[in-house]
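This report goes through one protein model, from the whole chain down to single side chains. Please keep the sequence and the 3D view at hand while reading.

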Amino acid sequence: MDQQLKQRLVGAVVLISLAVIFIPMLLDQNDPSSLPHFGSPVPERPDFQFDPIEIPLQTPPAVEPAAAEVVEESSPKPEPQPSAPAPRADEKPAPVPAKTPLIPPDTQALAWAVQVGSFDQEGNAAALRDKLRGSGFAAYLEKVKVEGRMHYRVRVGPELKRELAEALRERLEEKTKMKGIVVRHPS
């Protein structure tokens with residue numbers, strides 16, 4: 001048989017087998033699974049948007065000086081720790097070691113924050129907090145009871161190092177013209 005005739009027959013067989021495979025898929029349009037799938041399997045973007053939720057910042061309870069009492073609304077009260085037995089009248093108290101820190105370890109600052117203001121009215125404090133948040137600062141309120149009256153502190157931060165809190169205070173003053181003070185967090 002002639003070489004050219006062999007090539008034509010092989011070509012015809014290939015074309016007929018392709019037609020046998022693909023023509024039924026193209027003609028059967030009722031079954032979408034039989035059609036080749038083109039595109040991405042990622043679903044379309046939903047038509048709705050999520051509403052942001054404001055979650056209040058929870059800080060561990062702190063010890064204030066004798067004149068002020070910190071009030072935390074959402075944090076549970078700490079369990080009382082068992083105290084050491086009181087010394088008897090004939091015993092002398094144990095001497096304090098020379099390397100004891102001046103501030104007890106449980107009240108040492110965990111971080112630093114910039115206090116921008118203290119208000120008697122919660123609405124005024126909330127307005128300042130919202131203004132600072134609008135300027136891009138992480139501002140929050142802290143409720144404090146001082147001499148029987150409720151006060152609302154507006155603070156920005158916290159930062160882990162005092163140097164970072166000082167830099168935050170300077171940035172705050174440059175951007176908002178408000179002078180703040182660096183304080184321990186939690187206070």
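**Basis**

This is a predicted model, in which local features need pLDDT of at least 70 and side-chain atom pairs count only at pLDDT 80 or more, while totals for chains, interfaces and linings use all residues. Residues are numbered from 1 along each chain as its sequence is written, and side-chain values use heavy atoms, with hydrogens and water left out.

**The whole chain**

The protein chain has three helices and five strands. Helices (H or I, at least four residues) and strands (E, at least two) are DSSP runs, numbered from the N terminus. In sequence order, the protein chain shows the pattern α-β-β-α-β-β-α-β.

Of the 187 residues in the protein chain, 24% are buried. Here buried means under 20% relative accessible area, exposed means over 50%, and partly exposed is in between (1.4 Å probe, protein chains only). Accessible areas come from the Shrake-Rupley method with a 1.4 Å probe; for residues, only the protein chains shown count as cover.

A contact means heavy atoms within 4.5 Å. Among contacts in the protein chain with a separation of 6 or more, 66% are between residues 24 or more positions apart.

**Strand 2 and its partners**

Strand 2 covers residues 111-119, and seven of its nine residues are buried. Two strands pair if DSSP finds at least two bridges between them. Strand 2 runs antiparallel to strand 5 (residues 181-185), with five bridges joining the two. Within this pairing, Ala-111 is opposite His-185 of strand 5. Strand 2 also pairs with strand 4 (residues 149-159) in the antiparallel sense, over six bridges. There, Gln-115 is opposite Arg-155 of strand 4. In a regular strand the side chains alternate between the two faces of the sheet.

**Salt bridges**

Side chains of opposite charge can pair when their charged atoms come close. A salt bridge is a side-chain nitrogen of Lys or Arg within 4 Å of a carboxyl oxygen of Asp or Glu. By this rule there are eight salt bridges, including those in the table.

| Salt bridge | N to O distance |
|---|---|
| Arg-129 and Asp-130 | 3.1 Å |
| Arg-153 and Glu-142 | 3.2 Å |
| Arg-169 and Glu-173 | 3.7 Å |

In the bridge between Arg-129 and Asp-130, Arg-129 counts as buried because its relative accessibility is 15%. Asp-130 has 41% relative accessibility, so Asp-130 counts as partly exposed.

Arg-153 forms its salt bridge with Glu-142. Because Arg-153 lies in strand 4 and Glu-142 in strand 3 (residues 139-146), the pair ties together parts that are 11 residues apart in sequence. Arg-153 is buried, at 13% relative accessibility, and Glu-142 is buried as well, with a relative accessible area of 7%.

Arg-169 and Glu-173 are four residues apart in helix 3, so about one helical turn separates them. Glu-173 has 28% relative accessibility and counts as partly exposed. Salt bridges link Arg-162, Glu-166, Arg-169 and Glu-173 in a network.

Is Thr-176 buried or exposed? Thr-176 is found in helix 3 (residues 162-176), and because its relative accessibility is 17%, Thr-176 counts as buried. Leaving out residues up to four places away in sequence, Thr-176 touches Leu-132, Ser-135 and Phe-137. A polar atom of the Thr-176 side chain lies 2.6 Å from the backbone oxygen of Leu-172.

Asn-124 is in helix 2 (residues 122-134). With a relative accessible area of 44%, Asn-124 is partly exposed. Asn-124 and Tyr-152 are 28 residues apart in sequence, and their C-alpha atoms are 8.9 Å apart in space.

Phe-22 is in helix 1 (residues 3-27) and counts as partly exposed, at 44% relative accessibility. Which residues make up the nonpolar surface patch? Val-10, Val-14, Leu-15, Leu-18, Ile-21 and Phe-22 form this patch of about 570 Å². Patches are made of residues with over 30% relative accessible area and no salt bridge, where like charges are joined within 9 Å and nonpolar side chains (Val, Leu, Ile, Met, Phe, Trp, Tyr) within 5 Å.

Technical notes:
A polar contact is a pair of N or O atoms within 3.5 Å; within protein, one must be able to donate a hydrogen and the other to accept it, and residues adjacent in sequence count only if both atoms are side-chain atoms.
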